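Hi everyone, thanks for coming along. I'd like to walk you through one structure today, so let me put it up on the screen.

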Amino acid sequence: MAARGEVRARPKPMSTNSAVAAAVKDLDVDVVSAYPITPQTTVVEKIAEYIANGELEAEMIHVESEHSALSAALAAAATGARAFTATASQGLALMHEILHIVSGLRVPLVMSIAMRALSAPISIWNDHSDLMNARDSGWVIYFVHTAQEAYDTILQAYRVAEDPEVLLPVMVAYDGFVMSHTVEPVVTVGRENALSYAPKRPFPYKLDPDNPVTMGTLAGPEWYYEFKYQQVQAMAKALEKAREADREFERRFGRGYGVMECFMCEGAEALVMATSSYATTLKAILPEMWRQGFKVGLLRLRLYRPFPIREFTEYTSNASSLVVVDRSISFGAPYQGPLASEVASVKVKEGLDFNLVSVVAGIGQRKMEEEDFKALVRLAWEARSRKYPETIFYGVRE
Amino acid sequence: MMGSQPERFKSKFRGILDIPREERFVSGHRLCAGCPVGTVMRMLTKVAGKDSIIVNGTGCLEVSSTPYPYTSWMNPWIHVAFENTGAVASGVEAALKVLKAKGVLGKDVKVVAVAGDGGTFDIGLQSLSGMLERGHKVMYVLYDNEAYMNTGIQRSGATPWGAWTTTTPVGKKWKGEWRWKKDIMGIVLAHRVPYAATASPSHPMDMIRKFEKALYYTREGPTFVHVLIPCTTGWRFDPALSIKVARLAVETGIWVLYEVEKGKFRVTHKVRKRKPVREYLKLQGRFRHLTDDDIEYIQKIVDEEVDRINKMAGEEVIGPVEA
């Protein structure tokens with residue numbers, strides 16, 4: 001049963017990294033600038049293959065660091081090209097300075113993140129420490145939970161980023177290894193459809209000798225604040241545009257996600273909030289848990305920045321409890337899971353009345369199996385009538 | 001390209017009257033009185049012309065020329081950060097190249113990168129090396145005032161031996177900088193760029209022709225021009241004397257004007273009789289503490305460097321110190 005406008009195509013087996021590369025190819029990206037880092041590397045390997053085979057006409061800049069990768073991608077987008085980069089972990093941390101400059105200069109750019117733990121000790125495995133470290137850099141941030149969603153979201157990301165009313169860079173993040181290196185069926189839409197959905201809209205203030213601009217000036221105390229406040233306004237706009245981009249995507253291709261997803265929420269008394277691959281696993285076990293009598297839904301955070309408060313409030317309105325699963329640690333914070341801290345602030349802001357439980361899990365890809373996810377579901381069920389004031393560090397040896 | 005005879009470079013700047021009247025780096029900037037970097041940028045943008053994008057690393061020039069909502073730049077201009085001038089220039093150049101190939105951009109646009117000594121010798125060395133090694137068609141202009149002047153005269157890898165700075169102060173134990181200036185030209189040339197040169201604002205026609213030539217050779221790859229910028233504030237001299245100090249650097253052999261064109265070394269301004277280094281040093285407060293022995297030591301090192309230059313040139317292009 002194809003939805004209206006759905007593109008019928010045979011799914012191809014792809015890892016999430018390959019799906020991202022396929023989206024970059026279909027979007028006819030002009031400049032790709034990246035530096036190798038596990039587990040992102042196969043994204044740019046695949047893109048290099050496309051360029052080498054003539055399937056994508058683009059300049060690849062083999063930069064000497066992630067700091068330069070983002071600097072060069074920024075510069076290419078500022079010159080009017082459609083630019084892309086990808087990174088993870090230490091690479092995202094090394095980019096940190098430039099993250100703020102891209103958003104401050106309002107340059108539309110898309111970057112994929114195969115999320116990975118941060119050193120020390122060095123770990124190539126998955127958690128969300130890298131992404132959470134970058135959350136306040138002024139980028140629009142999506143978490144995706146399947147390879148298909150990664151492909152689709154890269155398309156949506158360019159549509160949102162290049163919107164003249166937004167002009168913000170976008171990160172599309174997914175779990176390193178667990179998603180970056182596992183294969184799923186993915187349907188691609190092809191270049192014509194991709195470019196019709198997300199037509200190239202070059203930076204309106206690009207570096208152009210016929211219309212010269214000065215970009216990246218010094219702003220004194222009498223100006224700086226207004227620059228930053230315009231970013232606040234652009235973020236608000238990005239929320240509207242992200243909702244619209246997803247609706248239009250669904251209309252054209254038959255796949256929509258919403259900016260936030262609530263799975264098995266109908267009649268649910270408790271919720272678990274999760275992102276990326278944890279959401280995928282929870283989707284697999286929830287039907288069985290319902291059969292056992294645990295009426296627990298999944299609240300999947302997809303668009304993280306800007307935070308979709310309206311959807312969150314709507315989806316949590318009937319829940320007695322909410323377990324927030326964090327994949328990183330905000331050391332010494334009131335709730336040591338950063339997402340839990342944010343949910344606590346939404347709870348106060350919107351006057352919501354559920355019991356909040358903060359759970360940290362899967363740090364450095366500490367194993368989380370079916371039984372562990374079931375335990376989280378049972379915890380959510382338990383929390384309907386019980387308070388858990390402290391962050392629970394699930395699965396750690398004390 | 002392959003097999004054909006290379007087109008030879010011919011300068012269109014025979015004299016001062018050949019310099020375009022059109023101003024592309026305009027007044028109103030906040031550079032210090034007597035700072036020659038404004039003069040150098042004025043000449044650079046006249047040579048580069050309208051169809052050039054300027055990439056500027058963080059530093060005195062960037063801060064002083066673009067206090068929002070004002071700008072001195074009539075060319076498209078971008079500043080991103082301190083250590084990434086080479087990477088930003090690479091991104092601009094790659095974008096221009098692909099947009100031209102795809103028929104989006106209809107003309108040739110040149111890329112000129114400008115950064116200071118801190119942004120080039122030190123924090124920006126890695127991104128510069130990347131840009132040079134990958135062969136981006138960018139002219140990179142290094143304006144070298146021999147310390148972090150923008151943050152208040154801290155030493156950099158470009159600070160010469162003996163110089164006072166705020167982080168190499170003169171005290172009971174320290175007597176200013178105790179290391180020699182990094183050989184940035186040697187580092188750049190190790191990347192086998194088609195053209196690299198040194199220049200001084202005291203010799204404007206020499207400098208202008210080098211900018212012109214460096215832009216010409218961007219058709220083959222990255223090019224580099226290293227300009228000495230006497231800093232009235234950091235070197236501690238009368239703002240009226242900037243050009244004189246720059247000229248003395250050349251006349252004493254401390255700053256040799258040369259170019260390396262396709263691997264061929266040539267001194268572009270010969271000095272028949274050198275002035276003693278003392279004449280250059282004595283005008284600058286940063287060298288005020290130097291003893292006669294210190295000055296003699298600097299003279300000896302400069303003599304050795306001049307010998308090396310003359311050997312490379314195969315003749316005596318820089319003469320002996322005048323009696």
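Let me start with a question: how far apart do the C-alpha centres of domain 1 of chain A and domain 2 of chain A lie? They lie 27 Å apart. The contact between them takes 27 residues from domain 1 of chain A and 20 residues from domain 2 of chain A.

Before we go further, please keep in mind that this is a predicted model. As for confidence, the model has an ipTM of 0.96 and a pTM of 0.97. For chain B, the average pLDDT is 97, and 98% of the residues score at least 70.

Back to the two domains. In the domain assignment of chain A, domain 1 covers 12–253 and domain 2 covers 260–393. Let's look at the side of domain 1 of chain A that touches domain 2 of chain A. Here α6 (129–133), β6 (140–143), β7 (170–175) and α9 (224–253) of chain A each provide at least two residues. The biggest giver is α9(A), which gives the most to this side of domain 1, with five residues. And what is the make-up of that side of domain 1 of chain A, in nonpolar, polar and charged residues? There are 18 nonpolar residues, six polar and three charged.

Now let's step back to the whole chain. Chain A has 13 helices and 16 strands. Its radius of gyration is 21 Å, close to the 21 Å that the globule rule gives for 398 residues, so chain A is as compact as a globular protein of that length. Of the 398 residues in chain A, 55% are buried. Looking at the contacts in chain A with a separation of 6 or more, 80% are between residues 24 or more positions apart.

Finally, the core. The largest nonpolar core has 231 residues, and the members that touch the most others are A:L74, A:V272, A:M273 and A:V323. This core draws at least three residues from each of domain 1 (12–253) and domain 2 (260–393) of chain A.

Let me zoom in on one of those residues. Which residues is A:V272 in contact with, leaving aside its neighbours within four places in sequence? Among them are A:L282, A:V296, A:L298 and A:L299. A:V272 is also in contact with A:V323 and A:V325, and with A:L376, A:V377 and A:A380.

Key
Residues are numbered from 1 along each chain as its sequence is written. Chains are lettered from A and ligands numbered from 1 in the order in which they are written. This is a predicted model: local features need pLDDT of at least 70, side-chain atom pairs count only at pLDDT 80 or more; totals for chains, interfaces and linings use all residues. A nonpolar core is a set of buried Ala, Val, Leu, Ile, Met, Phe, Trp, Tyr and Cys residues joined through C-beta atoms within 7 Å. A residue is buried if 20 or more other C-beta atoms lie within 10 Å of its own, exposed if 12 or fewer, and partly exposed in between; C-beta atoms are placed from the backbone. Domain bounds come from an automatic or database domain assignment. Two residues are in contact if their C-beta atoms, placed from the backbone, lie within 7 Å. pLDDT is the predictor's confidence in each residue, from 0 to 100. Helices (H or I, at least four residues) and strands (E, at least two) are DSSP runs, numbered from the N terminus. Ala, Val, Leu, Ile, Met, Phe, Trp, Tyr, Cys and Pro count as nonpolar, Asp, Glu, Lys and Arg as charged, and the others, Gly among them, as polar. The radius of gyration is taken over C-alpha atoms; the globule rule is 2.2 Å times the number of residues to the power 0.38.
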